[in-house]
Amino acid sequence: MALSCQPLGSFPPRLSVCVLLIVFVAAASASHDAPQDGTHDPTNVTHKKGFPVLLFNYDHVRTPFEISLWILLALLMKLGFHVIPRVSQVVPESCLLIVVGLLVGGFIKAIGEKAPALDDTLFFLYLLPPIILDAGYFLPVRPFTENVGTILVFAVVGTLWNAFFMGGVMYGVCQLEGGQLASVDLLSCLLFGSIVSAVDPVAVLAVFEEIHINELLHILVFGESLLNDAVTVVLYHLFKEFSAVGTVTVLDGVLAVVCFFVVSLGGLLVGAIYGVLGAFTSRFTSHTRVIEPLFVFLYSYMAYLSAEVFHLSGIMSLIACGVTMRPYVEANVSHKSYTTIKYFLKMWSSVSETLIFIFLGVSTVAGPHAWNWTFVVVTVVLCLVSRVMGVIGLTYVINKFRIVKLTKKDQFIVAYGGLRGAIAYSLGFLLPDHPMKTLFLTAIITVVFFTVFVQGMTIRPLVELLAVKKKKETRRSINEEIHTQFLDHLLTGIEGVCGHYGHHHWKDKLNRFNKTYVKRWLIAGERSMEPQLISFYNKMEMRQAMMMVESGSSAKLPGLISMQNIQPKVESRGRTIPKISKGREEEIRRILRSNLQQTKQRLRSYSRHDLFADPFEDMNENLSEMRFRKQRVEMERRMSHYLTVPANRQETPPVRRVRFESGETLAPRARNVGPYSSPADAISVLEESPPLRPNRRSDGGARRSTEHGAQATDDDDAEEETGEPPTQARRVSDPGPN
């Protein structure tokens, strides 16, 4: 069949290339050449062998060539998934990759060859670590620590509930069903429940990153999938040993509890040790920047392998190593190394995730299956029921201690987002010749397919239907960082005043210890003494610069000018700056620090249970009371003097009040009108007002009352003589003769 030349945006050529690649991968995996032992036909011994121009030796490169083909197939499938937007909006990427694996496995089986299966060595040692390292290295530490209590409850108590509930109910169903299921004992059912009860981090990452759920729900479900590894490992090994022995004692139960703490805390300790070693090593890589990313990858992978050696939690070891290493490594390595670490981890984890789902589909076709409708259907139903019951019951208890409550929508998303994946299949594959291994693997694959296809495809429309808050892609600003630090310090101070040492208090203690001791050993140069706000500003500026460089607008960056071309600024000699020795400077700092901290050191923490008498507090109260009484006596004395003692008066000339009246009104009253008086207006002298007092508010009030009384008397006189109200009268004040 000839391929026609069509544009790159068309679908058929891309589909044809993918089909041809699938066929090539299947043919390469199934090819077997004859052994090359160098033997020849005796009839050709006498003939001279010519010089070989072209040789074919596929067995020599078979393993790396097939690995490269699988990775190339995974990358092309991922590329095709993102090129077709309509498919990515309906079907999750993990579903399409499983379908591709089913097609490849079906083709390999059709040509009569054995398909490669997803065994435990390939999964746990090569495919899983990159995904967990990427999640742990870039883990949002603040949301994780703020919700760590809720995450631990879901991870530990929720996983135990799911395992024992499913195991007990499955045992009852097997006994009622009879037949083939009657041979399944209680320990085998509990072993099966421990395998399918844990939430898978790979499946959760694949689905939740596509729907862009809000940060709270994402960290709750993903944090649970990370931390339930310790519970799953302990329960798996415990019930596997018990099912082989057949008896369980009380001592075994106690040892199981101790084993849980050893596995979890031991994994965290191993990861933290390797994280500190990686950070300390990065302190001395300033002259060899090329090898900086390798230290991050190698120390992390060694932490995972070291935990697996002692059967500790490798997932928790990787998480602890990444979280411990990141802040110090970012302060030591160059920006190019930071970019390399970031994109290599993303690339590595993406390829591993793609290969896991493809191999899961291939293993489904390749592996033997034992189908039992009752066992499989009850398993799927119990996974949903136990998850919903566990989330609702635990949330009822958790909300009594949370400030931000989990709503009904949040509970639904947490319960519905509990996906199962390749970890459950690998644990089932690890069962050593168990009589029910084939039945367990069939049920596990069914549960994985149901959660990935049904729940993974329907969770996006359900999130939109319920109007669940989604994640906002915003960058943190300096203003937000300042207010965040301010609130942290404020809450720490409130806890100190109240005498209640909560997580803000211990977080502040840890930050002080980190700044005082740890940074000096793990961060090179002056960056160890850099304030947190300045460090955040440098990271933000570098992130913005990297984004501008990636977008092609590097010409706008002022910081790209070589610092070698900038001449050092010559200080002006007009002003001499006094130089202080370092010993004198430290002495000044010590004096200021001791004097400024005296008041703070005298304060006691408030506690409602025990109130002790503070001598400084009593002294301050007595001084304040004496000062208040003194001020009160002084105020009373001033007010009394102000109200009773008259001030010195200044003699001012009397004020004469005159009135201008119209001619008609003045006619009956005019007595001493001169010859030059106007008939229209006449002036009549009423009376002399008392002398003016100094300009005071009390004197002004008396003056206003006197003027009001004089005005009332004049109005009465005018009303008696004229019989009309004095509506047209105008009055002025005449200071009189000087």
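Predicted model: local features only at pLDDT ≥ 70, side-chain atom pairs only at ≥ 80, totals over all residues.
Which residues is Leu-128 in contact with, leaving aside its neighbours within four places in sequence? The contacts of Leu-128 are Phe-123, Val-202, Tyr-304, Ile-315 and Ile-423.

## Packing of α15 and α16

Two packed helices are described by the angle between their axes and the distance between the axes. For helix α15 (residues 373-398) and helix α16 (residues 408-416), the angle is about 140° and the axes are 9 Å apart. The pair is therefore oblique. The crossing in which α15 passes α16 is right-handed.

On the α15 side, the contact involves Arg-387, Val-388, Val-391, Ile-392 and Thr-395; on the α16 side, Gln-411, Val-414 and Ala-415. By residue class, the contact of α15 with α16 has five nonpolar, two polar and one charged.

## Val-100 in α4

Helix α4 spans residues 93-110 and contains Val-100. The relative accessible area of Val-100 is 10%, so this residue counts as buried, the cut-off being under 20%. Met-77 is 23 residues from Val-100 along the chain, and the C-alpha atoms of the two are separated by 8.1 Å.

Technical notes
Residues numbered from 1 in each chain as written. Heavy atoms only, no water. Axes fitted to C-alpha atoms, helices over the stretch in contact; angles between N-to-C directions. Helix = DSSP H or I, 4+ residues; strand = E, 2+ residues; numbered from the N terminus. Parallel < 35°, antiparallel > 145°, perpendicular 65-115°, else oblique. Left-handed = near helix turned anticlockwise from the far one by under 90°. Contact = heavy atoms within 4.5 Å. Nonpolar A, V, L, I, M, F, W, Y, C, P; charged D, E, K, R; others polar. Buried < 20%, exposed > 50% of the residue type's maximum accessible area, 1.4 Å probe, protein only.
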